[in-house]
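Reader: I am new to this structure and would like a guided tour. Could we go through it step by step?

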Amino acid sequence: MTDRFARLLDLKGFGAVLFDSHFNIVRMSPAAEAMLWISGASKPRGSFLDLFPELVGVEEQIAAIIEGKDADYRLDLVSRESGPGRVRYLNLLLLPDPAPDRALLVIEDVTGQALSRQAANQQRYELFLYRTSADFRRKHSSERILGDSPAIRRVRDTIQKLGRTPSATVLLTGETGCGKNLAARVIHGSSMPADAPFIEINCAALPEHLIESELFGYEKGAFTHAVSAKPGLLEEAHGGTLFLDEIGEMSANMQAKLLAVLESRCFRRLGSTRPIKVNIRVIASTNRDLQADVAAKRFREDLFFRLNVVSLPLPPLRELGDDILRIAEHLMNVYNVEFKKRVKGFSADACRELLDHPWPGNVRELGNCIERAMIFAEKEQIDASDLVLSPLADPVVAPDGDRWTVPSGGIDLEEVERRLIVSALNQSGQNKTKAARLLGLSRDTLRYRLDKYRDQPPRPPRR
Amino acid sequence: MAADYRKCAEKNIHPPVGRTGMGLVKKKICLLGAFAVGKTSLTERFVYGRFEEKYLTTVGVKISQKMVPPIQAPGGGRTVQHVLLIWDIAGLEKFDHVTDNYFRGAAGALAVADLTRPETIEDLKRFGTRFRSVNPGAILVLIGNKLDLFDDDRGTLARLEKLAREYATGFILTSAKSGARVEEAFLELSRKIEGFS
């Protein structure tokens, strides 16, 4: 290696190792020593191949280079430990040396470039695996359910197991806003191919005459406005998941029809005699006590048992302890991106408020609370004063003479409505027609609103 | 010494790859296969006895060493002990003369497929063909990894078996996660390299 060439390599930040035909190291540049993470004491004296096991097996090629028969030999992106937990990526290039019986190894540190490539590949491959590999999704989908409390770990564990049984029917239970919809989607995502359909029906939102045609589809002329045939949601869910939200609101007539489908996995479109077979996973959810409804003859016992193959109760937020803070932090990060903010966390007082609040609306309520705080946040931390927690753990806002009073802390209007609906239902003995009359609504409107505000009893605040 | 290797090449005999003292022989072996089939996990399990749940894609190549127990030829013949230089090669999407250098000089390879992604068995064809074109005499052993997640799908096994027949070799089902048959896979390759099985 000429001095001029050595200087050039140094200038370019390349390392150089000169060795002879017996694979003994003749000279090593300081840059090479730094790249190979060797110091004076640990400087190798022995074989070039001991220092570069990457070149074991290609001695023949090396010999050809030393003899000037081959021009070069190159190895790219060789990873090496360069300290505890640190990896360095090197490109190795073997070149003949002008001196006889010698060759030169030029080393280039390409760690930055390699790490960029790794980050890009990681994203690309993870996306690919997510789309194509049920196992990968099974492993990673359940991570969407945040938290580390025993209750959440149990949920995650059950979901992972359900990922391996794509035909098992699942009944999700839990209070409103505690993530039943998310759980259904995670179960679907972890057990079905990426392109499998996920069809969601809110049984409380669709009137009975519509739910039947929506679910089963119809043939042309099946009824007055059936001008063309339409496949039902059951057909569209074929090969995927049918999610029946608020199953407890389904009418007795539809319960019987759904039971027949669940038992035979077969149905007919309205106006058709041709049976259609479907391969679907059914996930049902409710915030009602279905067993109590069965006892009260409001829900079919046989359908309950058919749906309750695997029961997955989702815990209310107030039972999740520190997970509340984890979820709040996740939401904060989401809104940081959405609102282009740089909020870094919650003050100790804010954390205490979040942990002490009973969260009758569960994660949905927490989401609204954090969103509101993030909209107005101007500091790096969210303080307790930034959190507008629902005062509705107290009795519902009452009229004061002919005027309504808003508490000084403000109110959550949706929560007021929910409470009024609950109150009306309680007063009417759960009779929806009477409750609707008390609220000045039609029965259908009340049923639509029940979709959002199911009958959660008010809870006293903890504070 | 370099001239010795040159002479071996001229006589078309395998050079004494990485012969060490004390009767140990260094052998370069490669782990081939598509991305995320578990090549790094198999290496980590075999060399360090550990397993990392999180998938971290490999870039380029990482070389690890492990001395395997001595192996003996059938019928009480000669005994050899290998120090395996294990080349954990990234799941290459295309091949060129630079990537060929990763394969060059290898005495054998574990060609790894993911049992939960049957398409990765098809990928082994291009890896195996390219590897054999660089090292015509090298040994291949096929690996079906992620046995712990495998639902015992006969179609997948049949594909693996068919490919193993095409390469005139065997296949082993492993789980880097549980460690099942991982050591056996490396030792089987070691035995085959010496022509002991």
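Reader: Over which residues of chain B does pLDDT stay under 50?

Author: This is a predicted model, where local features need pLDDT of at least 70, side-chain atom pairs count only at pLDDT 80 or more, and totals for chains, interfaces and linings use all residues; side-chain values use heavy atoms, with hydrogens and water left out. Residues are numbered from 1 along each chain as its sequence is written, while chains are lettered from A and ligands numbered from 1 in the order in which they are written. pLDDT is the predictor's confidence in each residue, from 0 to 100. The stretch you ask about has 7 contacts beyond four places in sequence in the model, a contact being heavy atoms within 4.5 Å, and the stretch is residues 8-16 of chain B.

Reader: What is the mean pLDDT of chain B?

Author: In chain B, 88% of the residues reach 70 or more. For the complex, the predictor gives an ipTM of 0.84 and a pTM of 0.58. The mean pLDDT of chain B is 87.

Reader: Which element of chain A has the highest mean pLDDT?

Author: Chain A has a mean pLDDT of 84, and 89% of its residues reach 70 or more. Elements here are DSSP runs numbered from the N terminus: helices (H or I, at least four residues) and strands (E, at least two). The lowest mean pLDDT among the elements of chain A, 50, belongs to strand β17 (residues 399-400), and the highest, 96, to strand β6 (residues 170-173) of chain A.

Reader: How many contacts does the model have for residues 457-463 of chain A, beyond four places in sequence?

Author: Where pLDDT is low, the predicted coordinates should not be read in detail. Over residues 457-463 of chain A the pLDDT stays under 50. The contacts in the model beyond four places in sequence number 23.

Reader: In what order do the elements of chain B run?

Author: Chain B has 6 helices and 7 strands. Starting from the N terminus, they follow the order α-β-α-β-β-β-α-β-α-β-α-β-α.

Reader: Which residue in the turn between β3(B) and β4(B) has a positive phi?

Author: Strand β3 (residues 71-72) of chain B runs antiparallel to β4(B), joined by 2 bridges, and B:Q72 stands opposite B:T79. The two strands form a hairpin with 6 residues between them. The phi in question is about 80°, at B:G75.

Reader: How many residues of β4(B) are buried?

Author: Buried means under 20% relative accessible area, exposed over 50% and partly exposed in between (1.4 Å probe, protein chains only). Of the 197 residues in chain B, 55% are buried. Strand β4 (residues 79-89) of chain B is mostly covered, with the buried count at 9 of its 11 residues.

Reader: Is B:F35 buried or exposed?

Author: B:F35 is found in the loop between β1 and α2 (39-48) of chain B. Not counting residues up to four places away in sequence, B:F35 touches A:Y125, A:F128, A:L129, B:Y55, B:G91 and B:R117. With a relative accessible area of 14%, B:F35 is buried.

Reader: Which helix supplies the largest share of the lining of the second largest pocket?

Author: On a 1 Å grid over the protein atoms alone, a pocket is an open set of points with protein on both sides within 12 Å along at least five of seven lines, a cavity is a set where a 1.4 Å probe fits but cannot get out, and lining residues have an atom within 4 Å of a point. Grid points are joined across faces, edges and corners, and a volume is the space filled by probe spheres set on the points. The second largest pocket has a volume of about 940 Å³, and the closest to its centre of its 38 lining residues are A:G177, A:C178, A:G179, A:V363 and A:R364. The largest share, 5 residues, comes from α16(A).

Reader: What is the volume of the largest cavity?

Author: There are 3 cavities of 30 Å³ or more. Residues lining the largest cavity include A:C203, A:L206 and A:R447. The space in the largest cavity is about 40 Å³.

Conventions
Pairing = 2+ DSSP bridges.
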